[in-house]
Amino acid sequence: MTCFLEYEDSETVRVTDLVHSLGDSGWTLSKSSYRKLRLSKEWLCSALSTAGFKFLSHRAAGGLSLVIASQDRLS
């Protein structure tokens with residue numbers, strides 16, 4: 001599998017996936033391309049906080065952020 005990202009602008013990124021699979025009749029290539037919305041860490045944390053989520057963990061590595069949050073469920 002090959003995946004590459006093209007940063008089109010400050011709000012979106014184009015993701016392209018190439019998947020090579022070996023089957024009974026040989027190798028096949030599946031491909032897809034789609035746009036994803038880029039969310040800033042600040043925007044995401046603000047939206048989660050506004051929605052009542054509590055932050056359990058936040059880490060940043062290699063330009064990516066991982067946010068873990070939970071929300072109490074109503075009985």
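**Group meeting: strands and salt bridges**

Okay, let's start with a hairpin: strand 4 and strand 5 make one, with two residues between them. In that turn sits G62, which has a positive phi of about 60°. Before I go on, keep in mind that this is a predicted model.

Three strands build it, in the order 1-2-3, with antiparallel pairing. Which strands stand at the edges? Strand 1 (2-7) and strand 3 (26-37) do, and each has a single partner strand, so one side of each is left without a neighbour in the sheet. From one strand to the next, the twist averages 15°.

Let's zoom in on strand 2, residues 12-23. Strand 2 pairs with strand 3 in the antiparallel sense over twelve bridges. Along that pairing, R14 stands opposite R35 in strand 3.

Next topic: charges. Side chains of opposite charge can pair when their charged atoms come close. How many salt bridges does a search of the whole structure find? Three.

One of them joins R14 to E8, and the closest N and O atoms there are 3.1 Å apart. R14 counts as partly exposed, because its relative accessibility is 25%. E8 is partly exposed too, with a relative accessible area of 37%.

E8 also meets R35 in a salt bridge, at 3.2 Å from N to O. That pair links distant parts of the chain: E8 is in the loop between strand 1 and strand 2, R35 is in strand 3, and they are 27 residues apart.

Then there's the salt bridge between K54 and D72, with the closest N and O atoms 3.3 Å apart. K54 lies in strand 4 and D72 in the segment after strand 5, so this pair ties together parts that are 18 residues apart in sequence. Both K54 and D72 are exposed.

And back to those arginines: salt bridges that share partners join E8, R14 and R35 into one network. That's it from me, thanks!

Conventions. Residues numbered from 1 in each chain as written. Predicted model: local features only at pLDDT ≥ 70, side-chain atom pairs only at ≥ 80, totals over all residues. Heavy atoms only, no water. Pairing = 2+ DSSP bridges. Helix = DSSP H or I, 4+ residues; strand = E, 2+ residues; numbered from the N terminus. Axes fitted to C-alpha atoms, helices over the stretch in contact; angles between N-to-C directions. Salt bridge = Lys/Arg side-chain N within 4 Å of Asp/Glu carboxyl O. Buried < 20%, exposed > 50% of the residue type's maximum accessible area, 1.4 Å probe, protein only.
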